[in-house]
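We'll begin with how the chains meet, then look at a few spots in more detail.

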2 protein chains.
Amino acid sequence: MAINALGLDIGGANLKACHSTGVASLRPFALWKNVDALGCVLKEFLGQLPDHDVLAVTMTGELCDCFETKREGVQRILDAVESAAAGRPVRVWRTDGRFRDLAAARADPLPTAAANWLALATLAGRMLPVGAGLLIDIGSTTTDIIPLVNGLPVPRGRTDPERLQTRELVYTGVRRTPLCALLGGLAAAEWFATTLDVYLLLGDLAEENRNLDTADGRPATVAAAHGRLARMLCGDSETCSREETCRLAQDVQDRQLRLIRDAVEQVAGLLGEPPRAFILAGSGEFLARRAIDGPPALGGSRLSLAESLGSSISESACAYAVAVLAAEGVDSKGQMEFR
Amino acid sequence: MAINALGLDIGGANLKACHSTGVASLRPFALWKNVDALGCVLKEFLGQLPDHDVLAVTMTGELCDCFETKREGVQRILDAVESAAAGRPVRVWRTDGRFRDLAAARADPLPTAAANWLALATLAGRMLPVGAGLLIDIGSTTTDIIPLVNGLPVPRGRTDPERLQTRELVYTGVRRTPLCALLGGLAAAEWFATTLDVYLLLGDLAEENRNLDTADGRPATVAAAHGRLARMLCGDSETCSREETCRLAQDVQDRQLRLIRDAVEQVAGLLGEPPRAFILAGSGEFLARRAIDGPPALGGSRLSLAESLGSSISESACAYAVAVLAAEGVDSKGQMEFR
């Protein structure tokens, strides 16, 4: 690679960074609660990562409701990035699959909103140079399902509102999704529990005693997850048995699998041929695999980014993607874009 | 009435009080954020209401996740009530349909959890002395659908977990329900908007410029509701048209009506005869009426508490019910209970 780039993916709940050499880092950061601190936090976060010639940025945090509009959100986040970059060149990735400099991104902010999936899809396309495939990236909050044909992403939607319609974006993930979004009025429609609790109880996500980034601020442990799930049933850790909360966890997983599988089939159905391969990414790779394994299983090979590149890159896959693309100076049509 | 009673319904998001003479008051109070202040706030709240000989208490706030268990929640809320009562006698309403004094309620706290619906159902039963009917009480957060036969409530569930199963409790309401609980992964599964926004846009709830008790802390106005609904579509007030957000609002209302209508039919189906009357209560009476009016419309007369007793009593109907029952000293089986 010609230059060293640091990729930065600024979400509403997490900051993810990845160096083009593959060093990745993730920091929980509740942007909507701490928007004024973003510049400082980014600066400190970047300081812990290897040196780089260029900072490549993508974001989804502009959707946070601390911003009146996405336009305002993009501008405020770019302000924070500029201050953290401290003079280093900044490249901003956009939904047209190209990088722009800060001035150009500011002049027309909306294409900068929620473009991170396209960077990863561009990279994923290269792993599948011929024929049709799907990228399935399940993160803490959302799922991206992107059709790939002959080495290139061929999404039907570009913006998130469009992608929700095409099901290329499903607003469900393995940590932050509130259970009420999966259970509706049949359980407590409160922010009592999230999918983190489901996958803690099912043994898919590891306990983290010191992680308090949960629905009730109690730790990310199985015992506390049991209490949070019990509350969804209008019960508590005392009055609900572990069998009841495990049954609830299974039910939620089933609903989530159905949601994802339906979207995968819808997106795949427009490919013209059955996908030859599924490229799996994100902290929810395990769930993506279950969704396509069925029953019935979908044909086609499975390529796991966690297995091929390591789980820390898979979790920060969009940050990795913008780093690699910026280091190469290549846009989503395979054209050299700057340098 | 022999004595003056003040009824108090302590929820997780609202405090409601009603004097047995019919003076009602509602105060938004986010219990889960301010649990230590409850005693003080209650004292000040009670000070603004007419004098009373007895304080009659019911609650649902014990489910808040600031409490480790409902047992703890009931105890903490009773502590606050005792301090606010300042020596006046306190009567605690329970899921067995009887009042107890503070000491007895403390000795066995769980029956005090979420009993408010039974007080209102006891009162509603009197309006329908013969035959079968349903009480439908739609509040800001939840919907109670209680079967009534020959003047008495005949619920199949007593606790909230049981009532969720029987559909006598549907966790959906006209203000606080997050839209993700109705839309699932098809829209943003975030706390971006609530049903308040839907009914503001549809013209069913009035604008309140100074009410900031909304998903994003911006006012309860039509313009801000438009922005909040737009964010559910991953858009914003600028990129989404009013037609798009109105369409979303209609869709949400349709889903909510379906949820409520299904539950009404399920509960009514076990009555043995078609309901002769529906007693409607709560700030969501308008929605209850739509749910039974269909199409197809369910037969039976409609009795609106807002029309018969006034909308402020209808909104605080459970507080009114415990006040009336305590003033009379009558329990849910029609027996005299104390004095």
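Through which surface do the copies meet? They meet through the same surface, because 100% of the interface residues of chain B are also interface residues in chain A.

## Ground rules

This is a predicted model, so local features need pLDDT of at least 70 and side-chain atom pairs count only at pLDDT 80 or more, while totals for chains, interfaces and linings use all residues. Residues are numbered from 1 along each chain as its sequence is written, chains are lettered from A and ligands numbered from 1 in the order in which they are written, and side-chain values use heavy atoms, with hydrogens and water left out.

## How the two chains are related

## The interface

On chain B, 45 residues are in contact with 45 residues of chain A (contact means heavy atoms within 4.5 Å). Together the chains bury about 3,800 Å², with 56% of it on carbon and sulfur atoms; buried area is the accessible area (1.4 Å probe) that two parts lose on being put together, summed over both. In chain B, Asp65(B), Tyr171(B) and Cys234(B) lose the most area to chain A, together 18% of what that side buries.

The interface of chain B and chain A also has six salt bridges (a side-chain nitrogen of Lys or Arg within 4 Å of a carboxyl oxygen of Asp or Glu). One of them joins the side chains of Arg176(B) and Glu190(A), at 3.1 Å from N to O. As for structural elements, helix 5 of chain B gives the most to the side that touches chain A, with three residues (helices are DSSP runs of H or I, at least four residues; strands are runs of E, at least two; both are numbered from the N terminus).

## Helix 8 of chain A

Helix 8 (residues 222-232) of chain A is mostly covered, with nine of its 11 residues buried (under 20% relative accessible area; over 50% is exposed, and partly exposed lies in between, using a 1.4 Å probe and protein chains only). Among the buried ones are His226(A), Arg228(A) and Arg231(A). The cover includes helix 6, helix 7 and helix 9 of chain A together with helix 5 of chain B. Just after helix 8, Cys234(A) takes a positive phi of about 60°.

Lys16(A) is in strand 2 (residues 14-19) of chain A and is buried, with a relative accessible area of 18%. Its contacts beyond four places in sequence include Asp9(A), Phe45(A) and Glu315(A). What does the side chain of Lys16(A) reach at 3.0 Å? The backbone oxygen of Glu315(A).

Over in chain B, Asn211(B) is found in the loop between helix 7 and helix 8. Asn211(B) is buried too, at 17% relative accessible area. A polar atom of its side chain lies 2.8 Å from the backbone nitrogen of Asp213(B). Leaving aside neighbours within four places in sequence, Asn211(B) is in contact with Arg175(B), Arg218(B), Pro219(B) and Ala220(B).

Terms used
A polar contact is a pair of N or O atoms within 3.5 Å; within protein, one must be able to donate a hydrogen and the other to accept it, and residues adjacent in sequence count only if both atoms are side-chain atoms.
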